[in-house]
Amino acid sequence: MAVVGAGHWGPNLIRNFENPPASVVKTVVDRDRGRLDQVRARFPQVQVTDQFDGVLADAEIDAVVVATPTSTHHAIVKAALGAGKHVLVEKPITTRTDQALELTALAEKMNRVLMVGHVFIFNQAVQRVRTYIQSGELGRIYSISMVRTNLGPIRMDVSASWDLISHDVSIVNYWLGEDPRTVSAVGGTWINPGIEDAVFATLRYPGGVLVNVHASWLNPRKARDITVAGDKRMLTFDDMNLLEPVRIYDKQVTDKATSPGFIDSFASFRASVREGDITIPRISSGEPLRTECDHFLDCIRNGKQPVIGGKEATSVVRVLEAIDRSMRSRGQEEKI
């Protein structure tokens with residue numbers, strides 16, 4: 001393996017792939033010599049360099065892991081695939097749909113695995129929620145509301161939409177097995193000119209499913225909250241709750257028309273609201289990144305298609321581009 005980029009996320013990828021005999025990190029590439037010194041101190045057996053060309057020419061390197069700024073993904077991934085390497089690139093795959101399509105086609109032509117690191121797809125709670133939705137346990141899905149906020153890290157190359165909403169779009173596409181049809185969005189820019197720090201987006205999926213997302217890196221509270229409203233049951237997913245991330249509420253709006261009784265007290269008003277049971281399923285904890293890395297290696301060894309490859313990642317980019325168009329037009333609904 002070679003890991004390109006040893007910044008914020010890179011060290012986690014190095015740690016997971018430096019796992020002999022399953023995989024060995026031979027080389028780490030970064031332009032920051034200080035970062036390379038830190039890698040050398042933590043992993044003395046790993047070669048470090050600021051030159052990427054040597055990785056491309058090294059026949060011992062089977063796969064390249066890319067954890068660099070999004071704006072650099074296209075050139076690095078294209079070079080790696082062209083050199084016959086398998087590639088795992090962090091999300092989003094590129095900043096443009098045409099570039100994502102180009103990389104997807106190149107991976108197919110070279111018969112190489114191209115996988116994109118939408119790591120939440122490998123979260124066991126996210127996978128469990130998908131089972132509930134696709135099995136029909138929640139019934140018809142009405143809406144999904146999502147909040148993803150924190151104070152930082154503030155990006156300088158992409159907006160909060162590309163950095164944060166990319167997670168949520170990949171999750172909902174995975175849950176519903178569909179891509180959204182339209183999106184409307186507004187955003188606010190305060191820190192760096194032209195880069196939105198907070199975004200509010202509404203997506204319309206097939207079947208009348210409405211998805212609303214609030215993403216911001218200017219928020220005092222770290223939140224990863226999702227609410228799924230179905231016609232049979234409703235569900236909440238709090239990724240910050242490591243012990244009980246998912247709760248299923250046996251609540252619904254019945255289609256049987258009834259006339260409300262005479263309500264003349266606060267107690268009787270509360271009693272008129274139906275309250276069902278709350279189920280908290282047991283979901284084993286684990287490290288999604290480890291699962292993601294293992295899946296990438298499994299795809300290489302056994303010729304499998306990744307859960308989120310070029311096609312799925314391109315769908316996310318297409319949505320993010322539509323969000324940008326909508327923000328430029330002050331919230332106008334855009335087709336995807």
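Biologist: A disulfide is a pair of cysteine sulfur atoms within 2.5 Å; how many disulfides does the structure hold?
Modeller: The structure holds 0 disulfides. Cysteine 293 is in no disulfide, and its nearest cysteine sulfur, that of cysteine 299, lies 12 Å away.

Biologist: What kind of model is this, and how are residues numbered?
Modeller: This is a predicted model in which local features need pLDDT of at least 70 and side-chain atom pairs count only at pLDDT 80 or more, while totals for chains, interfaces and linings use all residues. Residues are numbered from 1 along each chain as its sequence is written, and side-chain values use heavy atoms, with hydrogens and water left out.

Biologist: Is cysteine 293 buried or exposed?
Modeller: Cysteine 293 is buried, with a relative accessible area of 1%. Buried means under 20% relative accessible area, exposed means over 50%, and partly exposed lies in between (1.4 Å probe, protein chains only). Cysteine 299 also counts as buried, at 1% relative accessibility.

Biologist: Which helix does α9 pack with, and at what angle?
Modeller: Helix α9 (residues 288–302) packs with helix α1 (residues 10–17) at an angle of about 60 degrees, their axes being 10 Å apart. Helices (H or I, at least four residues) and strands (E, at least two) are DSSP runs, numbered from the N terminus. Axes are lines fitted to C-alpha atoms, for helices over the stretch in contact, and angles run from 0 to 180 degrees between N-to-C directions.

Biologist: Which residues make the contact?
Modeller: Helix α1 contributes Asn12, Leu13, Arg15, Asn16 and Phe17, and α9 contributes Leu289, Arg290, Cys293, Phe296 and Leu297. Contact means heavy atoms within 4.5 Å. By class, the contact of α1 with α9 has 6 nonpolar, 2 polar and 2 charged residues. Ala, Val, Leu, Ile, Met, Phe, Trp, Tyr, Cys and Pro count as nonpolar, Asp, Glu, Lys and Arg as charged, and the others, Gly among them, as polar.

Biologist: And α7 with α10: how do their axes cross?
Modeller: The axes of α7 (residues 160–176) and α10 (residues 310–328) come within 9 Å and cross at roughly 130 degrees, which makes α7 oblique to α10. The contact includes Ser161, Trp162, Ile165 and Ser166 of α7, together with Leu320 among the residues of α10. The residues of the contact of α7 with α10 divide into 8 nonpolar, 5 polar and 2 charged.

Biologist: Leucine 320, then. What does it touch?
Modeller: Leucine 320 touches Pro92, Ser161, Trp162, Ile165 and Ser166, not counting residues up to four places away in sequence. At 0% relative accessibility, leucine 320 counts as buried.

Biologist: How are α4 and α5 arranged?
Modeller: The axes of α4 (residues 73–82) and α5 (residues 97–110) come within 10 Å and cross at roughly 10 degrees, which makes α4 roughly parallel to α5. The residues in the contact of α4 with α5 are 6 nonpolar, 3 polar and 2 charged.

Biologist: New topic, the backbone. Which peptide bonds are cis?
Modeller: Most residues other than glycine have a negative phi, and most peptide bonds are trans. The bond from proline 20 to proline 21 is cis, with omega near 5 degrees, and proline 21 is placed in the loop between α1 and β2 (27–29). The bond from glycine 152 to proline 153 is cis as well, with omega near -10 degrees. Proline 153 is in the loop between β7 (141–151) and α7.

Biologist: Which residues have a positive phi although they are not glycine?
Modeller: Asparagine 111 has a positive phi of about 55 degrees, and arginine 330 has one of about 60 degrees. Asparagine 111 is in the loop between α5 and β6 (114–117) and is exposed, with a relative accessible area of 61%. Arginine 330 is found in the loop between α10 and β15 (334–335) and counts as exposed at 79% relative accessibility.

How values were computed:
Angles under 35 degrees count as roughly parallel, over 145 as roughly antiparallel, 65 to 115 as roughly perpendicular and the rest as oblique. A disulfide is a pair of cysteine sulfur atoms within 2.5 Å.
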